[in-house]
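Trainee: I would like to learn how to read a structure of this kind feature by feature. Could you take me through one?

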Amino acid sequence: MSVAKPSLAQLEDIALDLGFDLEPERLAEFQALMEGAVAAYNVVDALPDEKPAVTYPCTPGYQPPAAENPLNAWYVRTEVKGAPEGKLAGKRVALKDNVCLAGVPMMNGAATLQGYVPDLDATIVTRLLDAGATILGKAHCESFCLSGGSHTSALGPVHNPHRHGYSAGGSSSGSAALVAAGEVELAIGGDQGGSIRIPASFCGIYGMKPSWGLVPYTGIMPIEATIDHTGPMTANVADNALMLEVLAGPDGLDPRQSGVPAAPYTEALGKGVQGMRIGLVKEGFGWPASQPEVDAKLRDAAARFEKLGAVVEEVSVPMHRIGKDIWAPIGNEGLQAQMMRGNGMGFNWKGLYTVGLLDAHAPWRERANDLSDTLKLSMFIGEYFSRYYRGRYYAKAQNIARRLTADYDAALARYDLLLMPTLPMVATPLPPADAPLALIAQRAFEMLPNTCPTDVTGHPAMSLPCGLVDGLPVGAMLIGPRWGESAIYAAAAAFEADGDWRSF
């Protein structure tokens with residue numbers, strides 16, 4: 001492919017879009033002056049791209065039929081064997097389908113991306129395989145990860161293993177369902193508004209959103225670089241801590257990782273909570289969507305931590321109550337700029353650009369009607385406020401986010417960890433195929449208020465199962481200081497060891 005010199009008609013279209021009022025003769029002068037730039041672009045076009053080498057051969061795999069996929073949680077089944085030994089030897093892994101696995105199809109839940117096959121492995125893929133894990137395939141996720149429910153994937157909804165016809169949570173829906181169903185021990189999730197912790201809560205597993213930047217996002221389709229996180233989803237705390245040990249640390253390709261201090265997280269597992277101070281965040285309770293039974297389970301969990309030796313006190317984090325409001329301009333305007341208008345990669349980034357993914361995603365404009373309704377809603381919001389308010393609310397929200405961060409930090413200066421419900425409710429019924437738009441949107445976003453603020457602030461947060469309400473799991477969320485994953489694992493392991501959460 002070579003780069004062509006722009007035609008006068010093309011320059012006229014660009015000029016109109018940019019608000020330039022130029023006569024044809026003047027446009028021709030600009031056209032002539034662009035020849036040097038076109039020549040430079042052709043030099044770049046002729047050079048090979050710089051991307052990580054693929055060290056583990058993959059086979060494309062297959063889309064499993066319904067009989068092999070009762071929860072509709074798998075997108076592609078394959079088998080990629082890692083090193084013969086390592087920390088994760090013998091562990092089976094599912095990758096969320098926004099993670100690049102060379103040679104294996106990836107659609108990120110979206111019809112417009114079907115047919116894309118990555119030509120590189122995400123950093124976390126290489127790290128998992130180097131540690132001896134076996135990757136069994138790609139798990140369904142929500143359409144471009146824009147839903148906290150599990151009903152927007154182009155290939156159908158993912159079902160909750162605890163109750164067919166109910167949400168598995170999102171956007172890492174398939175990842176959570178496969179772990180909860182015992183088909184894999186480990187899964188990768190992604191989290192921009194709660195997408196690791198929401199399905200972990202709905203499905204009754206352990207989901208860790210690490211500190212922002214701790215785990216490299218290289219080779220994963222982004223939504224918005226300032227809130228993108230990836231992390232482990234597992235059936236127990238020990239596997240979660242072990243998996244994070246493998247995933248964490250700089251890769252030299254993600255500029256968010258400057259000064260990242262990875263740690264031996266498994267060493268925290270036997271430390272217990274004796275003398276630990278835990279703040280029960282009062283603003284995490286009593287949302288309009290809160291189920292009283294869920295709030296009660298969390299207060300029971302707080303009492304259990306007290307019984308285990310922690311000091312538990314109620315604490316106020318006032319700005320938590322408007323955390324979702326601060327998140328909204330960042331999430332909506334940011335995704336429209338980076339993921340959609342920026343074709344998944346955007347600009348102003350010193351990290352690795354997945355050029356093949358950019359090329360595969362860019363034609364979404366030709367099939368825009370096929371985008372999910374939840375993504376269309378976010379795009380409407382993002383485009384409206386960017387276009388008519390010049391992006392000032394994205395900018396202001398990013399500024400105010402520092403105040404939100406400081407409010408959490410003030411509480412975490414007095415307490416080792418913070419505790420609240422992961423979600424205000426248990427899993428909800430999947431919307432019917434003919435559901436009105438209002439219900440589709442409600443089921444996608446109603447559960448976000450406690451999870452999305454820490455995507456903005458970058459604090460680590462983990463959902464752990466703490467009981468059942470009407471047979472469906474309830475999640476408790478522990479929040480730590482930046483790089484405080486070890487304290488979270490110490491508390492989560494002590495809680496897990498105190499008994500079967502299903503009986504709590």
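Predicted model: local features only at pLDDT ≥ 70, side-chain atom pairs only at ≥ 80, totals over all residues.

Trainee: Into which domains is the protein chain divided?

Mentor: Domain bounds come from an automatic or database domain assignment. Here the assignment gives domain 1 (8–46) and domain 2 (66–503), and their centres, taken over C-alpha atoms, are separated by 43 Å.

Trainee: How should I read the sheet, and what is the order of its strands?

Mentor: Helices (H or I, at least four residues) and strands (E, at least two) are DSSP runs numbered from the N terminus, and two strands pair if DSSP finds at least two bridges between them. In this model, an open sheet of 11 strands has mixed pairing and the order 1-3-2-6-8-7-12-13-11-9-10. Its edge strands, each pairing on one side only, are strand 1 (74–81) and strand 10 (311–315). For angles, axes are lines fitted to C-alpha atoms, for helices over the stretch in contact, and the values run from 0 to 180 degrees between N-to-C directions. Neighbouring strands of the sheet are turned by 25° against each other on average, with direction ignored.

Trainee: Which strands does helix 8 lie across?

Mentor: Contact means heavy atoms within 4.5 Å. Helix 8 (residues 292–307) lies across strand 9 (277–281), strand 10, strand 11, strand 12 (461–469) and strand 13, and it runs at about 110° to strand 12. Strand 11 (residues 417–421) and strand 13 (residues 472–479) run antiparallel and are joined by four bridges, with methionine 420 having methionine 477 as its bridge partner in strand 13.

Trainee: What are the partners of strand 3, and is strand 3 mostly covered or uncovered?

Mentor: Buried means under 20% relative accessible area, exposed means over 50%, and partly exposed lies in between (1.4 Å probe, protein chains only). Strand 3 (residues 134–139) is mostly covered, with six of its six residues buried. Strand 1 runs antiparallel to strand 3 and is joined to it by five bridges, with tryptophan 74 opposite alanine 139. Strand 2 (residues 92–96) pairs with strand 3 in the parallel sense, also over five bridges, and there arginine 92 stands opposite threonine 134.

Trainee: Where is alanine 73 placed, and which residues is it in contact with, leaving aside its neighbours within four places in sequence?

Mentor: Alanine 73 is in the loop between helix 3 (35–46) and strand 1, and it counts as buried because its relative accessibility is 1%. With those neighbours set aside, its contacts include Lys138, Ala139, Gly174, Ala177 and Leu178. Alanine 73 and lysine 138 are 65 residues apart in sequence, yet 8.9 Å apart in space, C-alpha to C-alpha. Helix 5 (residues 173–180) is itself mostly covered, with seven of its eight residues buried, among them Gly174, Ala177 and Leu178.

Trainee: How are aromatic rings described, and how many aromatic pairs does the structure hold?

Mentor: A pair of aromatic rings is described by the distance of the centres and the angle of the planes. Rings of Phe, Tyr and Trp (its six-membered ring) pair if their centres lie within 6.5 Å, and planes under 30 degrees apart count as stacked, over 60 as edge-to-face and the rest as tilted. The structure holds nine aromatic pairs. Phenylalanine 385 and tyrosine 393 form an edge-to-face pair, 6.4 Å centre to centre with 85° between the planes, and ring pairs link Tyr384, Phe385, Tyr388, Tyr389 and Tyr393 into a cluster.

Trainee: What should I look for in the backbone?

Mentor: Most residues other than glycine have a negative phi, and most peptide bonds are trans. In this model, the peptide bond from glycine 170 to serine 171 is cis, with omega near 5°, and serine 171 is in the loop between strand 5 (163–167) and helix 5. Asparagine 343 has a positive phi, near 55°, and counts as buried because its relative accessibility is 16%.

Note on methods
Residues numbered from 1 in each chain as written. Heavy atoms only, no water.
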